[in-house]
Amino acid sequence: MARSASAMRGQILESALRLFAVHGFRGTSLQDIASDAGCSKASLLYHFAGKEKILTELLTPARDALATLLDRVTGLEGGRLVEETVTGYVDLALRFRREIRLLFEDIAEMSCHQDLNVMELANGLRDALAGRSRRAPARVAAWMVLGAVFITSATDDEVAPDEVLRAEMIRSALRTLDHTPS
């Protein structure tokens, strides 16, 4: 029985994400993705104009979720802003682990991806983690948390069960930001 167009798109995306995570974006060809998805390269190209479009579609849900988090904390201030941002960021990082591994594989190239606004979102996240402080210590700590959560969620190391990992990531991030939870 033939797959529906949406099922085929989903299979292509799943195959691409898995292959990108193993072989990297550059190390994965369209033919590799098509073969893994069980379709022809022509069929893949019918659904996606190229690897860049697949990448954009794979990373868009994570980008949108981060933008939603930043919108949600816009009206918050002080400790509440920092706590909500840390908790939301850790939750997103754990939810989108495979996508983060993909970003981590070639951060320089991925951060310049036109359609994703990675640096704009990273700067917004840094500002929220710093409690919107312009002071160097707060901004440095925010960049450290941004990177540490990113790297920790990208690891394949089964450090702890997810609920323990989540709690420790939040606790460590708040400590790095010199913030005591309310």
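The exercises below work through a predicted model of one protein chain, each with a solution in steps.

Residues are numbered from 1 along each chain as its sequence is written. Because this is a predicted model, local features need pLDDT of at least 70 and side-chain atom pairs count only at pLDDT 80 or more, whereas totals for chains, interfaces and linings use all residues, and side-chain values use heavy atoms, with hydrogens and water left out.

**Exercise 1. Describe the secondary structure and the overall extent of the protein chain.**

Step 1. Helices (H or I, at least four residues) and strands (E, at least two) are DSSP runs, numbered from the N terminus. Counted in this way, the protein chain has 10 helices and zero strands, and its pattern along the sequence reads α-α-α-α-α-α-α-α-α-α.

Step 2. Taken along the principal axes, the C-alpha atoms fill a box of roughly 55 × 35 × 30 Å.

Step 3. A residue is buried under 20% relative accessible area, exposed over 50% and partly exposed in between (1.4 Å probe, protein chains only). By this rule, 45% of the 182 residues in the protein chain count as buried.

Step 4. Contact means heavy atoms within 4.5 Å. Among the contacts with a separation of 6 or more, 69% are accounted for by residues 24 or more positions apart.

**Exercise 2. Compare the surroundings of Leu58 and Glu57.**

Step 1. Leu58 is found in helix H4, and Glu57 is found in helix H4 too. Leu58 counts as buried because its relative accessibility is 8%, whereas Glu57, with a relative accessible area of 30%, is partly exposed.

Step 2. Not counting residues up to four places away in sequence, Leu58 touches Leu13, Ala16, Leu17, Phe20 and Glu99, while Glu57, with its neighbours within four places left aside, is in contact with Arg9, Leu13 and Phe48.

Step 3. A polar contact is a pair of N or O atoms within 3.5 Å; within protein, one must be able to donate a hydrogen and the other to accept it, and residues adjacent in sequence count only if both atoms are side-chain atoms. The side chains of Glu57 and Arg9 are joined by such a contact of 2.5 Å.

**Exercise 3. Is Thr28 buried or exposed, and which residues does Thr28 touch?**

Step 1. Thr28 lies in the loop between H1 and H2, and it is buried because its relative accessible area is 1%.

Step 2. A polar atom of the Thr28 side chain lies 2.8 Å from the backbone oxygen of Gly24.

Step 3. Beyond residues up to four places away in sequence, Thr28 touches Leu19, Phe20, His23, Ile33 and Lys51.

**Exercise 4. Describe how H9 packs against H10 and how H6 packs against H9.**

Step 1. Two packed helices are described by the angle between their axes and the distance between the axes. Axes are lines fitted to C-alpha atoms, for helices over the stretch in contact, and angles run from 0 to 180 degrees between N-to-C directions. Angles under 35 degrees count as roughly parallel, over 145 as roughly antiparallel, 65 to 115 as roughly perpendicular and the rest as oblique.

Step 2. H9 and H10 pack at an angle of about 165 degrees, with their axes 9 Å apart, so H9 is roughly antiparallel to H10. The residues making the contact include Ala141, Met144 and Val145 of H9 and Leu165 and Met169 of H10.

Step 3. For H6 and H9 the angle is about 110 degrees and the axes are 8 Å apart, and the two helices are therefore roughly perpendicular to each other. Among the residues making this contact are Ile100 and Phe104 of H6 and Phe150 and Ile151 of H9.
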